[in-house]
Amino acid sequence: MFYLETRNVIKQYAEHRALDGVSIQVPQGTVFGLLGPNGAGKTTLIRIITRITAPDTGEVLIKDRPSTKEDVYNIGYLPEERGLYKKMKVGEQALYLAQLRGMKKEKAYRELMIWFKRFEISDWYNRKVEELSKGMQQKVQFISTVIHNPDLLIFDEPFSGFDPVNAEIVKNEMLRLKDEGKTIILSTHNMESVEALCDNIALINKSRVVLQGNVFDIRKDNQPNTYKFRLTGNKFDLEDQAFTILSKEPYHEYIDVRVKKQENIDNKYLAKLIFDNYDVVSFEEELPTMNDIFIKTVTSK
Amino acid sequence: MNTLALVIEREYISRVKKRSFIILTIAMPVLLVLLAFVPMWLSQLNDSGVKNIAIVDKTGLYASELKSTETYNFQVITAAQEDDYKKQIGGDIYGILTISNDLSKYPNSVNLLSEKQAPASLQSLIQNALNEKVTQQNLDNLSTQSNVSDQSIKEVRSIIEKGGNVTVSTLKWGKDEKASKTSTEMATIVGGAFTMLIYMFILMYGGMVMQAVQEEKKSRVVEVMVSSVKPVDLLIGKIVGVGLVGITQLVIWTVLTLVLFLGVSFVYNTPEQAQLMAQAGSMGMGDIDVNNIMESIVSLNWVEIIIYFFVFFIGGYILYASLFAAIAAAVDSEEDTNQFMMPITILIVFAFFAGIYSIDNPDGPLAFWTSLFPFTAPIVMMVRIPFGIPFWQLLLSLVLLYGTFILVSIAAAKIYRVGILMYGKKPTFKEMMKWMKYS
């Protein structure tokens, strides 16, 4: 079942069409990557999902029914551009945001204590926001996004401003939330984290969805049929109709060979051909990275 | 609790808890009371020592007329002692009063020698005593002339003693067909004060709303906020919250000032202090009858004035605050803000001057038209209300003001809603008009 679905969403700003018939499907309990170059319309789509703005036409469905005002309380949104009231105390601020998201004060406080402990910032509860480092502020913002335990979480560039250690903490929290059955939309330019976290993605370019689907399937579909063999020895001069050699590189006592296979040849044939003639140390199909796919898709249009 | 209430609560609490707010709120009334009472108290401090005045009276006619008081001790010395005493001036002797001739014939033949400039109270004390004596002398001279009867002299004396204390009471013909006592001065002072107050508060608290919106936009807090609060609620919450802060401050100022004034005057209210107060007063402003002041203060319709003050304050504040908020939301940088602020600032300053000039002529055409025009009405109307104005004008002004503020705040809310999430390019007025049409 899809937790969230947008159908043919169009949004026009004066002369600029920000979204042009955007339809995405986000399955429940998965991490969905919302990708695209700057200005493609990701933020507009998120603002429509979070009901900050309304679409001109098209609709947003939550669990197969049109989304309502009350659904906002069930969404946690961490915007890309985010700030906190500088003069407010960290705890008060988090409590205020939690209450705005419909939590009772006492419950919000209890939940906050758990999260502050988990993120190791309990000592900062009574400090002013302006005294905090950027990473620390990001933690507070992350907490205020998830504090009210929403079923849908939307993170826009959640890793910016975090050092690798804290980025890992946030990554693990996201996976933990996913395991709890939450649905997560992740908008980021960090393609490595897309590969590590996302189950599905939609790539938006120039106000349209140009690529959508399961991350692994997409990578497989975009495979360029290249394979990498690591062989013992320093020579490789096998020639066959089935493949063309892309590169040969000696590596210590081995040689790394990359070949491009003909499309009508299956893996078994190729492997047998090489295994019969050489001592193979390793053999893998080279899947394209999301980075490659992103660049290829965006620049080809 | 719904989100609007939460926003109002935060805006209110975070400001009221600020140290600067608490200090200003408490300090102002204290300062006001200090300003009123300290000069009086200080002048009294100076008077605490008895000043010795030596009198050299070559005529022998006047020395006995100068009676020592609590502050001034007069002592008669001979002309031979004068040089001796001169050396003591500034020490035991405060000054030497020399009367060299008959004052009824040579009124200028008297002088007071002192190290410092003699205080006005001493001068008037001596002058009054001497004047009275000279009048007596002149009357005595008159009575010795054969063609004037004793009876006439007696009458003249009694007339002079009674004096011709003319004071003009200004009366107001009320609807109840009863003339009530009013005071033009009091109406002027009260009107001016309330105009200042409303002008100050609109600028101060309107500016506060603008600053808050600007800060929210600049720090991108608003991005986090709009996902759970409707922009309109955010705007209303801000305007209401800050407005409540203003009203809180006003109420505290009023109550505290009243309590302090009453408290201080109670402490001061011994008969001799009252006399001193009257003296201090009479020096500055001529004879003011304390009763008269009280009467004219009471005669103003305070309940009406205060109710209208709040009504006009709320209208004017919301009108300007929503304009300020819309501008702050639409524009990114402070430099650009100034450009959009200009026309509004000019309006407010114009209103202020219109108010000031209307004090002299509260029913003139300037006062009339500017007190109907919604953008100047809150400020100018406060000048006119203490003088009393026709009810239909008040009503019309209020209807116009509240009608305008509803329209303006709806437009402002639309600009705010779009502008608050736009960054970068400075919008033009034309674009802002377009934003109003977005659904």
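Predicted model: local features only at pLDDT ≥ 70, side-chain atom pairs only at ≥ 80, totals over all residues.
Which residue in E14(A) is the bridge partner of Phe229(A)? It's Phe283(A).

Strand E11 of chain A, residues 226-232, is joined to E14(A) by 5 bridges, and the two run antiparallel. They belong to an open sheet of 4 strands in chain A, and if you walk across it you meet E12, E13, E11 and E14 in that order, with antiparallel pairing. At the edges sit strand E12 (243-251) and strand E14 (280-285) of chain A, each pairing on one side only. Going from one strand to the next, the twist averages 15°.

Now look for a helix against those strands. Helix H8 of chain A, residues 267-277, lies across E11, E12, E13 (254-261) and E14 of chain A. Its direction makes an angle of about 160° with E14(A).

Next, head to another part of chain A and find strand E3, residues 31-35. This one is mostly covered, with 5 of its 5 residues buried. In a regular strand, side chains alternate between the two faces of the sheet. Here both faces are covered: Val31(A), Gly33(A) and Leu35(A) are buried on one side, and Phe32(A) and Leu34(A) are buried on the other.

So who are the neighbours of E3(A)? One is strand E8 of chain A (residues 183-187), paired with E3(A) in the parallel sense over 4 bridges, and there Gly33(A) stands opposite Leu186(A). Another is strand E9 of chain A (residues 200-205), which also runs parallel to E3(A) and is joined to it by 4 bridges. In that pairing, Leu34(A) stands opposite Ala202(A).

Definitions and conventions. Residues numbered from 1 in each chain as written. Chains lettered and ligands numbered in written order. Pairing = 2+ DSSP bridges. Axes fitted to C-alpha atoms, helices over the stretch in contact; angles between N-to-C directions. Contact = placed C-beta atoms within 7 Å. Buried ≥ 20, exposed ≤ 12 C-beta atoms within 10 Å, placed from the backbone.
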